[in-house]
Amino acid sequence: MVSDKPLTTGMNKLELHLFKRSTPIKDANVAVKFFMPAMPGMPYMEYKTVAKPLGNGVYEAAFNASMGGTWQVHIFITTKEGKKYRLKSSINL
Ligand SMILES: [Cu+2]
């Protein structure tokens, strides 16, 4: 997961570089869910998007962050062969 600019509240663009055993995962459907669990005085927050393929296993995901802090990231990949993978990560902003 790569960003040209520091992550901030508001709109961000993240590049996802997806590989399996160093082979790029091309032409996949890539859905991304950013979420923050509920905290005292703050409800659960979520932002869902479908990443845009840029070619060669690279996908671009927009992320509109409603607040700073730690966001969990789940990436749902469906390959063109129909295989499904789920990756988990997190980001700080
Ligand atoms: Cu929060």
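Start by selecting Lys20, Pro24, Ile25, Lys26, Thr79, Lys80, Glu81, Lys83 and Tyr85, which line the second largest pocket. A pocket here is an open set of points on a 1 Å grid over the protein atoms alone, where a 1.4 Å probe fits, with protein on both sides within 12 Å along at least five of seven lines; lining residues have an atom within 4 Å of a point. The model is predicted, so local features need pLDDT of at least 70 and side-chain atom pairs count only at pLDDT 80 or more, while totals for chains, interfaces and linings use all residues. Residues are numbered from 1 along each chain as its sequence is written, and side-chain values use heavy atoms, without hydrogens and water.

The second largest pocket holds about 150 Å³ of space, a volume being the space filled by probe spheres set on the grid points, which are joined across faces, edges and corners. Its lining divides into three nonpolar, one polar and five charged residues. Nonpolar covers Ala, Val, Leu, Ile, Met, Phe, Trp, Tyr, Cys and Pro; charged covers Asp, Glu, Lys and Arg; the others, Gly among them, are polar.

Next, select the lining of the largest pocket: Val2, Ser3, Asp4, Lys5, Pro6, Thr8, Met11, Asn12, Lys13, Leu14, Glu15 and Glu60. The volume of the largest pocket is about 230 Å³. By class, this lining has four nonpolar, three polar and five charged residues. Strand β1 (residues 10-17) gives the most to it, with five residues; strands are DSSP runs of E, at least two residues long, numbered from the N terminus.

Eight bridges join β1 to strand β7 (residues 58-65).

On to β6, which pairs with β7 over three bridges. Pro53 has Tyr59 in β7 as its bridge partner. Two residues lie between the strands of this hairpin, where Asn56 takes a positive phi near 55°.

Finally, select the copper ion. Which atoms coordinate the copper ion? Met36 (SD) and Met42 (SD) do, at 2.0 to 2.7 Å. Donors are N, O and S atoms within 2.8 Å of the metal (3.2 Å for Na, K and Ca); water is not among the atoms, so sites may look incomplete. Met36 counts as buried because its relative accessibility is 2%, and Met42, at 16%, also counts as buried. Buried means under 20% relative accessible area, exposed over 50% and partly exposed in between, with a 1.4 Å probe and protein chains only.

Definitions and conventions. Helices (H or I, at least four residues) and strands (E, at least two) are DSSP runs, numbered from the N terminus. Two strands pair if DSSP finds at least two bridges between them.
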